[in-house]
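Here's a quick briefing to read with the model open beside you. Take a look at the fold first, then work through the points below.

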Amino acid sequence: MKVTLNGESVQLPEHVSFVSDVLKHYNIHEKIIVVEVNGKILNRLEHENTRLADNDRIEIVHFVGGG
């Protein structure tokens, strides 16, 4: 499936179907993040049951410390 992830067109592997799969695929599932799919911000519980489709727009923001 082809999606736009943080402004870049990417081809996701076949086993990636849900938002939680994307987070695991990119190894960011344990970080503090905000996920938006097609303009809707998801809460953490929605990651497991939000199925993705071709041409979806996904934005993932994670927080980093620093000064």
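Is Asn-38 buried, partly exposed or exposed? At 36% relative accessibility, Asn-38 counts as partly exposed (buried means under 20% relative accessible area, exposed over 50%, partly exposed in between, with a 1.4 Å probe and protein chains only). Bear in mind that this is a predicted model, where local features need pLDDT of at least 70 and side-chain atom pairs count only at pLDDT 80 or more, while totals for chains, interfaces and linings use all residues. Residues are numbered from 1 along each chain as its sequence is written, and side-chain values use heavy atoms, with hydrogens and water left out.

**The sheet**

- Five strands make up an open sheet, ordered 2-1-5-3-4, with mixed pairing (strands are DSSP runs of E, at least two residues, numbered from the N terminus; two of them pair if DSSP finds at least two bridges between them).
- Strand 2 and strand 4 (40-42) sit at the edges, each pairing on one side only.
- From one strand to the next, the twist averages 30° (axes are lines fitted to C-alpha atoms, and angles run from 0 to 180 degrees between N-to-C directions).
- As a reminder, strands of a sheet pair through backbone hydrogen bonds, either parallel or antiparallel.

**Who pairs with whom**

- Strand 1 (residues 2-5) and strand 2 (residues 8-11) run antiparallel and are joined by four bridges.
- Within that pair, Lys-2 has Gln-11 as its bridge partner, and Thr-4 stands opposite Ser-9.
- These two strands form a hairpin with two residues between them, and Asn-6 in the turn has a positive phi of about 50°.
- On to strand 5: strand 1 runs parallel to it, with two bridges joining them, and Leu-5 stands opposite Ile-58 there.
- Strand 3 pairs with strand 5 too, in the antiparallel sense over five bridges; here Val-34 faces Val-61 as its opposite residue.

**Loop residues with positive phi**

- Back to Asn-38: you'll find it in the loop between strand 3 (33-37) and strand 4, with a phi near 50°, a positive value in a residue other than glycine.
- Asn-55 lies in the loop between strand 4 and strand 5, and its phi is near 70°, again positive in a residue other than glycine.
- Asn-55 is exposed, at 62% relative accessible area.

**The salt bridge**

- How many salt bridges does a search of the whole structure find? It finds one (a salt bridge is a side-chain nitrogen of Lys or Arg within 4 Å of a carboxyl oxygen of Asp or Glu).
- The two side chains that meet in it are those of Lys-40 and Glu-46, at 2.7 Å from N to O.
- Lys-40 is partly exposed, with a relative accessible area of 43%, and Glu-46 is partly exposed at 21%.
- In general, side chains of opposite charge can pair when their charged atoms come close.

**The nonpolar patch**

- Ile-32, Val-34, Ile-41, Val-61 and Phe-63 make a nonpolar surface patch of about 500 Å² (patches are made of residues with over 30% relative accessible area and no salt bridge, like charges being joined within 9 Å and nonpolar side chains, Val, Leu, Ile, Met, Phe, Trp or Tyr, within 5 Å; areas come from the Shrake-Rupley method with a 1.4 Å probe).
- Phe-63, one of the patch residues, lies in the segment after strand 5 (57-62) and counts as exposed at 56% relative accessibility.
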